[in-house]
Amino acid sequence: MVAHRRLVAQVARTVMANLAIAGASGRMGRMLFEAAAADRDCTLVGALDAPGSPALGVSARVFGGNADVLVTADVATLANGRARATLIDFTRPEATLTYLDACVTHGVAMVIGTTGLDDGAKAKIADAARKIPIVFSPNYSLGVNTVFKLLELAAKSLDSGYDVEILEMHHRMKVDAPSGTALKLGEVIAEAQGTRLSDRAVYAREGHTGERKNGTIGFATLRGGDVVGDHTVIFAGSGERIEITHKSASRMSYALGAIRAAKFLHGKAEGLFDMHDVLGLK
């Protein structure tokens with residue numbers, strides 16, 4: 001808990017932000033409440049959970065919030081007599097799309113950290129961003145987004161004679177694989193080398209696979225325990241191996257990045273952004 005407070009204290013206080021948090025009773029929801037409560041520039045104006053959740057009607061204070069906001073399933077409550085709010089959503093694809101429609105209807109900005117979204121869902125997010133401002137990223141950790149930039153350089157330098165493998169591990173409850181972050185790592189490498197991940201990705205190996213095909217990007221997925229998120233990119237060449245690794249010990253790094261993203265959206269009318277926009281890395 002002490003370590004969490006130290007991390008929370010690092011969030012820059014620059015603009016005011018009215019926040020609503022989806023998945024209020026979940027692990028990430030609780031972490032977001034804690035991060036928002038520690039930031040004096042954030043005002044909690046809403047808390048959402050799934051229809052039928054036992055959390056509905058309960059004060060957000062029960063889950064770590066610092067305001068007597070009652071948990072609801074109705075996004076419309078965010079538009080009632082409030083200054084423009086931003087909904088932070090780290091839930092599941094079906095819930096995210098429902099929230100997306102409601103946010104467009106009621107003019108609520110969004111920070112989307114949900115993973116496992118298919119191409120159709122991503123297209124809907126892009127379309128919605130013509131009407132409301134959205135930050136959409138597979139990972140909100142400042143460290144991971146720095147790794148994305150490092151990989152651009154590595155991929156350009158090691159574009160010949162090196163096999164690429166991406167290894168990720170998460171807790172046993174994670175429902176999508178590979179992780180959204182792992183896929184983004186692959187996309188960054190492929191794009192830096194002037195290719196598309198869809199043309200190079202290998203997601204499973206079993207049985208007599210034959211020799212590794214040149215130019216492929218392999219993925220390996222591990223699930224177990226309470227691992228928050230480990231990612232390693234391996235560039236394996238002749239006589240040497242380069243590994244770039246990021247390990248998350250706490251979801252607080254994601255929560256802090258999401259709060260920063262919500263502040264970034266302050267004053268914006270529409271547009272689709274990612275964490276490189278938020279961090280000024282483009």
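In this predicted model, I88 stands opposite V111, a residue of strand β5. The strand that is joined to β5 here is β4, residues 86-89, and the two run parallel with four bridges between them. Between β4 and β5 the chain passes through helix α3, residues 93-106, in a β-α-β crossover that is right-handed. Strand β5 itself covers residues 109-112. From this strand A109 and V111 point one way, while M110 and I112 point the other way, and all of these residues are buried.

Strand β5 is also joined to β6, residues 133-136, by three bridges, and this pairing is parallel. Within it, M110 stands opposite I134 of β6. The chain goes from β5 to β6 by way of helix α4, residues 119-128, and this β-α-β crossover is right-handed.

A further set of strands forms an open sheet. Its five strands follow the order β8-β9-β7-β10-β11, and the pairing is mixed. The edges are taken by β8 (201-202) and β11 (241-248), each of which has a single partner strand, so one side of each is left without a neighbour in the sheet. In general, the strands of a sheet pair through backbone hydrogen bonds, in either a parallel or an antiparallel sense.

Helix α6 comprises residues 180-192. Its 13 residues should span 18 Å at 1.5 Å a residue, and the end C-alpha atoms are 18 Å apart, which agrees. The buried residues of this helix are G180, T181, A182, L185, G186, V188, I189 and A190.

The loop between β7 and α6 contains P178. The peptide bond joining A177 and P178 is cis, with omega about -10 degrees. After α6 comes G194, which has a positive phi, near 70 degrees. Most residues other than glycine have a negative phi, and most peptide bonds are trans.

Helix α7, residues 252-264, likewise has 13 residues, and the distance from its first C-alpha to its last is 18 Å, close to the 18 Å expected at 1.5 Å a residue. This helix is mostly covered, with 10 of its 13 residues buried. The buried residues are M252, Y254, A255, L256, G257, A258, I259, A261, A262 and K263.

Three aromatic pairs are found in a search of the whole structure. One of them is formed by F264 and F273, with 5.2 Å from centre to centre and 80 degrees between the planes, an edge-to-face arrangement. F273 has a relative accessible area of 19%, and it counts as buried because the cut-off is under 20%. K268 is placed over both of these rings: K268 lies over the face of F264 at 4.0 Å from the ring centre, and the charged end of K268 sits over the ring of F273, 6.0 Å from its centre.

How values were computed: Residues are numbered from 1 along each chain as its sequence is written. This is a predicted model: local features need pLDDT of at least 70, side-chain atom pairs count only at pLDDT 80 or more; totals for chains, interfaces and linings use all residues. Side-chain values use heavy atoms; hydrogens and water are left out. Two strands pair if DSSP finds at least two bridges between them. Buried means under 20% relative accessible area, exposed over 50%, partly exposed in between (1.4 Å probe, protein chains only). A crossover is right-handed if, with the strands pointing away from the viewer, the path from the first strand over the helix to the second runs clockwise. The expected span of a helix is 1.5 Å times one less than its number of residues. Rings of Phe, Tyr and Trp (its six-membered ring) pair if their centres lie within 6.5 Å; planes under 30 degrees apart count as stacked, over 60 as edge-to-face and the rest as tilted. A charge sits over a ring if NZ of Lys or CZ of Arg is within 6 Å of the ring centre and within 35 degrees of the ring normal.
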